[in-house]
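Take a first walk through this structure. Keep the sequence and the 3D view side by side.

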Amino acid sequence: MNLVKLIRDYLADCSRKSREHTCPACGYIALVYHSDGTAGCALCGVEIFDKDEVAKLRDRGKLAQVGR
């Protein structure tokens, strides 16, 4: 039983991370969050300077975790 729970939690964590780090411009999991509150994509180079928009992107992952 514990192994099943471990696997389920691991997969849920992967799902959360993938939603949190998916770039809104190119759709790849390459979004990097910076310490100053901005975010940027490592692949397409888009930079998001609006801190409210960055907070929404981070919340996508949190909402995925709550929904499981």
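The paragraphs below go from the overall layout to single residues.

This is a predicted model, in which local features need pLDDT of at least 70 and side-chain atom pairs count only at pLDDT 80 or more, while totals for chains, interfaces and linings use all residues. Residues are numbered from 1 along each chain as its sequence is written, and side-chain values use heavy atoms, with hydrogens and water left out.

Start with the layout. The protein has 2 helices and 3 strands. Along the sequence they follow the pattern α-β-β-β-α. Helices (H or I, at least four residues) and strands (E, at least two) are DSSP runs, numbered from the N terminus. Of the 68 residues, 25% count as buried. Buried means under 20% relative accessible area, exposed means over 50%, and partly exposed lies in between, with a 1.4 Å probe and protein chains only. The accessible surface comes to about 5000 Å². Carbon and sulfur atoms hold 59% of that surface. These areas come from the Shrake-Rupley method with a 1.4 Å probe, and for residues only the protein chains shown count as cover.

Now find the sheet. Its 3 strands form an open sheet in the order β1-β2-β3, with antiparallel pairing. Two strands pair if DSSP finds at least two bridges between them. In general, strands of a sheet pair through backbone hydrogen bonds, either parallel or antiparallel. The edge strands here are β1 (31–33) and β3 (47–48), and each pairs on one side only. β1 meets β2 (residues 39–41) over 3 antiparallel bridges. Within this region, Val-32 stands opposite Gly-40 of β2.

What makes up the largest nonpolar core? It has 9 residues: Cys-23, Ala-30, Leu-31, Tyr-33, Ala-39, Cys-41, Ile-48, Val-54 and Leu-57. A nonpolar core is a set of buried Ala, Val, Leu, Ile, Met, Phe, Trp, Tyr and Cys residues joined through side-chain atoms within 4.5 Å. Look at Ala-39, one of these residues. Not counting residues up to four places away in sequence, Ala-39 touches Leu-31, Val-32, Tyr-33, His-34, Val-46, Glu-47, Ile-48 and Val-54. Contact means heavy atoms within 4.5 Å.

Two loop residues come next. Thr-22 lies in the loop between α1 (2–20) and β1. The side chain of Thr-22 reaches the backbone oxygen of Ser-18 at 2.3 Å. Leaving aside neighbours within four places in sequence, Thr-22 is in contact with Gly-27, Tyr-28, Ile-29, Leu-31 and Arg-60. Ala-42 sits in the loop between β2 and β3. Ala-42 counts as exposed because its relative accessibility is 62%. Beyond four places in sequence, Ala-42 touches Ala-30 and Val-32.

Finish with the cysteines. How many disulfides does the structure hold? It holds 0. A disulfide is a pair of cysteine sulfur atoms within 2.5 Å. For Cys-26, the closest cysteine sulfur is in Cys-41, at 3.7 Å, so it is too far for a bond. Cys-26 is partly exposed, at 27% relative accessibility. For Cys-44, the closest cysteine sulfur is also in Cys-41, at 3.6 Å, again too far for a bond. Cys-44 is partly exposed, at 40% relative accessibility.

Key. A polar contact is a pair of N or O atoms within 3.5 Å; within protein, one must be able to donate a hydrogen and the other to accept it, and residues adjacent in sequence count only if both atoms are side-chain atoms.
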